[in-house]
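Here is my note on the model you sent. Please read it with the structure open beside you.

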Amino acid sequence: MSQDAKHPGEPWGHPRPWVDRTGGPTLEQLDMGRWHDDGLCRTGPADWWLSDEPADTIRGIEVCQDCPVRRLCLASALVFGDQWTIYGGTTPPQRRALTRRLRRGDTLGTVLADTLNDTNAHTDETLRPSHARTDVGEVA
Ligand code: SF4
């Protein structure tokens, strides 16, 4: 999937200043232009990452498990606060939970390690059709 498909005309925005990026990638490494071309979603049907259909979402998540830039992808979504679609094999509800951990002070490195070691973390709840474009505000 192209970068434009996920972010039509939009830049990444600003990094969340309250994220402790200890143990995670640097902002320079998170520059999407440096890694996104290596993402496996570049060659798959965009619906697997963008659709509201759970069957599509599951296929996208499965592809993410083997993606060589999965860690950077997930880290980018957490640092820049992308709240919709699949990133690094995680759904928006999963990332909201991870965001709560970051808000509590867990480091980015720890959250990434825990998440990427738990490749089957998605649940039926997180795969509901409404997950993909749920736009819930930031957790205080
Ligand atoms: S982890 Fe998934 S969404 Fe991210 S670049 Fe790789 S295939 Fe695409």
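1. Terms and ground rules. Helices (H or I, at least four residues) and strands (E, at least two) are DSSP runs, numbered from the N terminus. Residue numbers start from 1 along each chain, following the sequence as written. The model is predicted: local features need pLDDT of at least 70, side-chain atom pairs count only at pLDDT 80 or more, and totals for chains, interfaces and linings use all residues.

2. Overall make-up. The protein chain has eight helices and zero strands. From the N terminus, the order is α-α-α-α-α-α-α-α. A residue is called buried if 20 or more other C-beta atoms lie within 10 Å of its own, exposed if 12 or fewer, and partly exposed in between, with C-beta atoms placed from the backbone. By that rule, 34% of the 140 residues of the protein chain are buried. Two residues are in contact if their C-beta atoms, placed from the backbone, lie within 7 Å. Of the contacts in the protein chain with a separation of 6 or more, 76% join residues 24 or more positions apart.

3. The core. A nonpolar core here is a set of buried Ala, Val, Leu, Ile, Met, Phe, Trp, Tyr and Cys residues joined through C-beta atoms within 7 Å. The largest one has 24 residues. Leu 74, Ala 75, Leu 78 and Leu 108 have the most contacts inside it. Five helices each supply at least two residues of this core: H4 (47–50), H5 (54–65), H6 (70–80), H7 (92–104) and H8 (108–116). H6 gives the most, with seven residues. In soluble globular proteins, nonpolar side chains tend to be buried together.

4. Helix H6. Which residues of H6 are buried? They are Arg 70, Leu 72, Cys 73, Leu 74, Ala 75, Ser 76, Ala 77, Leu 78 and Val 79. That is nine of its 11 residues, and H6 is mostly covered. The buried residues pack against H2 (27–30), H3 (32–35), H5, H7 and H8. Take Ala 75: leaving out residues up to four places away in sequence, Ala 75 touches Gly 24, Pro 25, Leu 30, Leu 108 and Leu 112.

5. Thr 85 sits in the loop between H6 and H7. Thr 85 also has a positive phi, of about 65°, although it is not a glycine. Thr 85 is buried, because 22 other C-beta atoms lie within 10 Å. Please look at this residue on your screen.

6. Helix H5. H5 has 12 residues and reaches 17 Å from its first C-alpha to its last. That is close to the 16 Å expected at 1.5 Å a residue, the expected span being 1.5 Å times one less than the number of residues. Asp 56, Thr 57, Gly 60, Ile 61, Val 63 and Cys 64 are buried in H5. Seen down the axis of H5, these buried residues fall within an arc of 160°, so they line one face of the helix. The arc is that of the directions from the helix axis to the C-beta atoms. On the other side of H5, Ala 55 and Glu 62 are exposed. The buried residues of H5 pack against H4 and H6.

7. The ligand. The ligand is surrounded by 14 residues. The closest are Gly 39, Cys 41, Cys 64, Cys 67 and Cys 73. H5 and H6 are the elements that give two or more residues to this shell. By class, the shell has 10 nonpolar, three polar and one charged residues. Ala, Val, Leu, Ile, Met, Phe, Trp, Tyr, Cys and Pro count as nonpolar, Asp, Glu, Lys and Arg as charged, and the others, Gly among them, as polar.

8. Helix H8. The buried residues of H8 are Leu 108, Val 111, Leu 112 and Thr 115. They cover an arc of only 100° around the axis, which puts them on the same side of H8. Their cover includes H6 and H7.

9. Val 111 is in helix H8. Why is Val 111 counted as buried? Because 23 other C-beta atoms lie within 10 Å. Neighbours within four places in sequence aside, Val 111 is in contact with Leu 78, Leu 98, Arg 101, Leu 102 and Asp 106. Arg 103 lies in helix H7. Arg 103 counts as partly exposed, because it has 14 C-beta neighbours inside 10 Å.

Note on methods: Near = placed C-beta within 6 Å.
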